[in-house]
2 protein chains.
Amino acid sequence: MTFTGLSYIAGQWLENNQGNVFQGFCPGTNEYLPTRFYEVSDEQISQATDAAHAAFKQYRSISNQQRSEFLNTIADEILALGDILIETTMLETNLPRQRLEGERMRTVNQLRVFADVLQQDLAPLKLSCAEEGDETRTPIPKPKTALTYLPVGVVAVFGASNFPYAFSTLGGDTASALAAGCAVVVKAHPAHPATNELMTKAIASAIEKCAMPDGLFSMLQGSEHKTSHQLVSEPMVKAVGFTGSLGAANALLKTIHQRVEPIPFYGELGSVNPQIVLQDYSQKQGGVLATQLVSSMAMGHGQFCTSPGVWFVPSEDDNLVDAAIKAIEATPSDTLLTPGILQAFNRSTTALNEHDAVSLLAKGPQTKDYHASAHLFSCDIQDFVKDVDLQEEVFGPCALLVKYRSYDELLLAIDGLAGQLTASIYGETQELKEQAKLIEALSFKVGRIIYSQAPTGVEVCMSMNHGGPFPSSTDVRSTSVGTKAMTRFLRPLCVQGDQ
Amino acid sequence: MTFTGLSYIAGQWLENNQGNVFQGFCPGTNEYLPTRFYEVSDEQISQATDAAHAAFKQYRSISNQQRSEFLNTIADEILALGDILIETTMLETNLPRQRLEGERMRTVNQLRVFADVLQQDLAPLKLSCAEEGDETRTPIPKPKTALTYLPVGVVAVFGASNFPYAFSTLGGDTASALAAGCAVVVKAHPAHPATNELMTKAIASAIEKCAMPDGLFSMLQGSEHKTSHQLVSEPMVKAVGFTGSLGAANALLKTIHQRVEPIPFYGELGSVNPQIVLQDYSQKQGGVLATQLVSSMAMGHGQFCTSPGVWFVPSEDDNLVDAAIKAIEATPSDTLLTPGILQAFNRSTTALNEHDAVSLLAKGPQTKDYHASAHLFSCDIQDFVKDVDLQEEVFGPCALLVKYRSYDELLLAIDGLAGQLTASIYGETQELKEQAKLIEALSFKVGRIIYSQAPTGVEVCMSMNHGGPFPSSTDVRSTSVGTKAMTRFLRPLCVQGDQ
């Protein structure tokens, strides 16, 4: 398989011989891959967003039925890429085949779920409503009004490295924006540039087959910050969907704040996804739970945004701790997605190792020097409350077990938590009933509260919420997963009177 | 009637003898009013937001039924203030009694409309949904999920000068935030400080009668910018509702952007509310329409945010122009709300008078030197398109009549329009059908599109949208009027599994 290394702009693969050149990285061999990718030029970025705006206007005249078919065709074309997609991504990410096949299916299904909502003319979103007028009302007649929704325009999408399909080029943000009636310009993630190129071929083919306007989708290759910053500065961009780190999100927000026109920035960042284990549950099921938690953490080698990073467990419960130590020690080492992520992981685990209040409970084997091995640290809840640094996400296979003695201590720690995507609370029926205050406090810290289940796995459905209070996301008002994600890219219009 | 001049913070009227002292202004006599009002201190602002956060938590345990009664009690207490409220506001604004009585009724009804939604446990908002799990699904069981909504926390509200009741202390933002379950800290508008004090007495009395937590509502008096900036910087503030000018909104946004935690800023600013008169309609009903438009503009002496400021009319239509000139010349002069607004009005009308491409069509009489008289200017659509300054809102009784020759010219001008709260399009049935492209273009520029009706009058109902693309508002995603305004102050929470 050969790759062009080019950006795809309004139906064309465009060269830029003057810019930065970069290569994909193969975590499995710890070496750069041979294909050269070309940084998109400033002019090409403007060209993409202008073409997207023009295509957006044309897309308006295309029925929901046709848009639905288009989304289904994109899904078909992803599958039609065949095994080369999986193989390419395995090279670029070292994620195992089974995981990637599962993620591909999720990505394809996600497109089909949005296609279904379009088939039903957005009715499942329950947005629109209408009220009759009343000419006879005094002192002022009541006007006839109807609330309808318009797509916001061009959406810029920034994919993530950890979900090369589901949260990347043709992931949730792109699918929901296209479903909402928007045009999309993707800044491809440089950790999987060849995967981006293949996915772009799939949508390019769907655009052609469904006779959609060319500018409806563009993909910009690049590894330099300035490319991202220019994209969010483009006047035609009306919303941004982003999945990535807090640092990158804050940098982009700073640029967005320079715009004359404010636009929404939907940054889905990360979190430590607190796991709260109540006393009876811990006593009865602590051992089993520990294994479940380690296996949840091991998914994607700790690189899921919902990875369970901080576990609050009763201080006296040795069952849970013993089982967790065993499970960690049985977790094989593996690569992380990029050399940058590996470096950050090593920095964070070293810092935890050196932290006075923290001790290393267990460490998995390490078979290669560029692998990350699983880590489980522990600390006392009083030390956890004192040092906010202990709340920081370690991206990779690492968790901090925090020992509490009383529910008062636990409540204090929850009150001090930063915003989280999820939290799980494990309890027997009776103790969950008794801890209403604790659950209330926890609810205000998270976007999703989970009873007695692990946090990994984000169902694509109507009642999902994937987001949460800052810093887990930059906009607590909406979800990046599930059908309601479409509402991010819609805005209300009241129509008054009769046409 | 004597006024304390103090801020009301968590159940107490608090003094600050070290700060700035200011007085209300009486536009009717062009003189300052005697009562002295005291700028709230920095410490008091923090005290108010901290108390609001504490009250917000307590408010959570209060049922929707009780909250509903609370909103109805606030409405009752506003009415119980009696005529002193109307008289006080007449002094501070010079708005006529009938208008203020109408606005009071609207404000009271607005509270009752939100109370109704609460009686129905928010069901009319159609937000929540739930999905059953499926343990048997392969390869992964489907979790049981439900989407519910939480209030965001403390809301800071900035009232407007032009609607001293409906968009001020106990206006739409306060009502919708309290209905959503939030606590409110109002920065009172310094153009009607005594009105603010009376309204605060009404809610203080309702808080007492309904045994609500003290910190649920605070009102900060102040006329200095720093007070507003500190309020939006407070960490406990989780959203801001604002009605006012673009300049003030941009300044507050700049401060909000310095926060560690991004928060939504709902700024409802202003617009010129384009009036598009199609050719047949103009020929048949131009004369009547002109009178309607002038009378719409005369509401609040041109100080409604939906005032019709730019009229696109067929160039050959003398009926409309003649009738408009007559109506303008019959419009009595009147005061504007503040000396600052009067100065800005005079600057803007002078600039239009001196503009090469603009001519003065008509001017109303001027009976006092501190009055504003009605102005109607005109220009050719080609000049309008060339100079974006001609799109700027003149706050006060002023409109610009823009003459077009063809629908192509009109479409070009609409494409060049900035975001607007509303636009009206006046057409006979047939020509409205023919101008679908024009209506489509117009829809993307506005928050509300109105068929053959004047823009003033914003119905408080479920299907209203009051907002629009920037710069008419800072956040196109939601409305500041109507029951859906509650959703601004709510955010999703997914509950997964069984408690």
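This is a predicted model: local features need pLDDT of at least 70, side-chain atom pairs count only at pLDDT 80 or more; totals for chains, interfaces and linings use all residues.
Residues are numbered from 1 along each chain as its sequence is written, and chains are lettered from A, and ligands numbered from 1, in the order in which they are written. Local features need pLDDT of at least 70 and side-chain atom pairs count only at pLDDT 80 or more, whereas totals for chains, interfaces and linings use all residues; side-chain values use heavy atoms, with hydrogens and water left out.

Chain B is superposed on chain A by a rotation of 180° with 0.0 Å of shift along the axis, at an RMSD of 0.0 Å (least squares on the C-alpha atoms of residues with pLDDT of at least 70 in both copies). This is the relation of a two-fold axis. The same surface serves both copies, since 100% of the contact residues of chain B recur in chain A.

The contact (heavy atoms within 4.5 Å) takes 62 residues from chain B and 62 residues from chain A. Between them, the two chains bury about 5400 Å², of which 54% is on carbon and sulfur atoms; buried area is the accessible area (1.4 Å probe) that two parts lose on being put together, summed over both. Arg477(B), Gln496(B) and Gln499(B) supply 14% of the area that chain B buries against chain A, more than any other three residues.

Seven salt bridges are found across the interface of chain B and chain A, a salt bridge being a side-chain nitrogen of Lys or Arg within 4 Å of a carboxyl oxygen of Asp or Glu. Glu459(B) forms a salt bridge with Arg137(A), with the closest N and O atoms 2.6 Å apart. By class, the side of chain B that touches chain A has 32 nonpolar, 13 polar and 17 charged residues (Ala, Val, Leu, Ile, Met, Phe, Trp, Tyr, Cys and Pro count as nonpolar, Asp, Glu, Lys and Arg as charged, and the others, Gly among them, as polar).

Strand pairing also links the chains. Strand β18 (residues 446-451) of chain A pairs with β19(B) in the parallel sense over three bridges; two strands pair if DSSP finds at least two bridges between them, and strands (E, at least two residues) and helices (H or I, at least four) are DSSP runs numbered from the N terminus. Ile449(A) has Val495(B) as its bridge partner in β19(B).

Over all chains, the count comes to 38 salt bridges. Within chain B, Glu101(B) forms a salt bridge with Arg97(B), the closest N and O atoms being 3.0 Å apart. Both residues lie in helix α4 (residues 97-119) of chain B, four residues apart, about one turn of the helix.
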